[in-house]
Amino acid sequence: MAYHLGQGDFEQSSENALKYFQMAASQDSKQRALEANKEPTDEQKADAKAEKAAQAQALYCVGIYHLAGTGIDKDEAAAFGYFRQSAEKGLANAQLQLSQCYFDSIGMKEADAVEGVRWLRAASEGGSLDAMHRLGICISQGHGVESKDPVEALKLWQSAASKGHAGSELQLGQA
């Protein structure tokens with residue numbers, strides 16, 4: 001992140017940032033050790049959890065670089081793959097981005113609103129206010145869901161609005 005943002009003594013460098021993001025994305029030694037250990041210690045569990053979170057963030061960042069074509073050739077299919085790996089590790093930002101890929105058919109042949117909603121739900125459960133807001137819109141319009149449910153949509157907007165999400169505040173005002 002220091003190279004990505006150009007913080008401290010690090011000059012902004014997309015090339016260096018991408019290199020380190022890719023290195024972090026490939027790390028899973030502590031996770032594998034935890035899986036191999038029948039009775040892991042609390043410290044081993046904490047180390048593996050921290051590594052998983054860092055790896056998820058790195059995967060997400062590599063996906064962003066591929067999506068934007070920053071320091072690398074633009075490759076939507078590769079971006080989608082990185083977002084999916086990160087989302088599966090539980091990163092809410094990646095789940096939100098992956099949902100957008102499904103809605104807009106980024107990195108795939110055709111859109112899949114049902115899968116987009118599934119990932120919006122995951123991001124919403126992970127605390128993403130933007131996901132709560134967008135999920136409310138999908139549910140209120142019947143997009144990617146079996147049927148419209150204005151009550152569930154209102155609950156999502158109320159939850160996001162109570163935490164300061166301006167779009168959900170607006171949506172509630174319009175409702």
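Reader: At what angle do helix H2 and helix H4 pack, and how far apart are their axes?

Author: Helix H2 (residues 14–25) and helix H4 (residues 42–68) pack at about 140°, with axes 8 Å apart. The axes are lines fitted to C-alpha atoms over the stretch in contact, with angles running from 0 to 180 degrees between N-to-C directions. A caveat: this is a predicted model, where local features need pLDDT of at least 70 and side-chain atom pairs count only at pLDDT 80 or more, while totals for chains, interfaces and linings use all residues. Residues are numbered from 1 along each chain as its sequence is written, and side-chain values use heavy atoms, with hydrogens and water left out.

Reader: Why are H2 and H4 called oblique to each other?

Author: Angles under 35 degrees count as roughly parallel, over 145 as roughly antiparallel, 65 to 115 as roughly perpendicular, and the rest as oblique. The angle of H2 with H4 is about 140°, so the pair is oblique.

Reader: Which residues make that contact, and how many of them are nonpolar, polar or charged?

Author: With contact meaning heavy atoms within 4.5 Å, H2 brings residues including Ala17, Leu18 and Phe21, and H4 brings, among them, Leu59, Val62 and Tyr65. The contact residues split into 10 nonpolar, three polar and no charged. Here Ala, Val, Leu, Ile, Met, Phe, Trp, Tyr, Cys and Pro count as nonpolar, Asp, Glu, Lys and Arg as charged, and the others, Gly among them, as polar.

Reader: What makes His133 buried or exposed?

Author: Buried means under 20% relative accessible area, exposed over 50%, and partly exposed in between (1.4 Å probe, protein chains only). His133, in helix H8 (residues 129–141), has 13%, so His133 is buried.

Reader: How do you know what joins the side chains of His133 and Ser168?

Author: A polar contact is a pair of N or O atoms within 3.5 Å; within protein, one must be able to donate a hydrogen and the other to accept it, and residues adjacent in sequence count only if both atoms are side-chain atoms. The His133–Ser168 pair sits at 3.1 Å and is such a polar contact. Not counting residues up to four places away in sequence, His133 also touches Trp157, His165, Gly167 and Gln171.

Reader: What is the phi of Ser105 near, and is Ser105 buried or partly exposed?

Author: Phi of Ser105 is near 50°, a positive value in a residue other than glycine. Most residues other than glycine have a negative phi. Ser105 lies in the loop between helix H6 (92–104) and helix H7 (113–125). Its relative accessible area is 26%, so Ser105 is partly exposed.

Technical notes
Helices (H or I, at least four residues) and strands (E, at least two) are DSSP runs, numbered from the N terminus.
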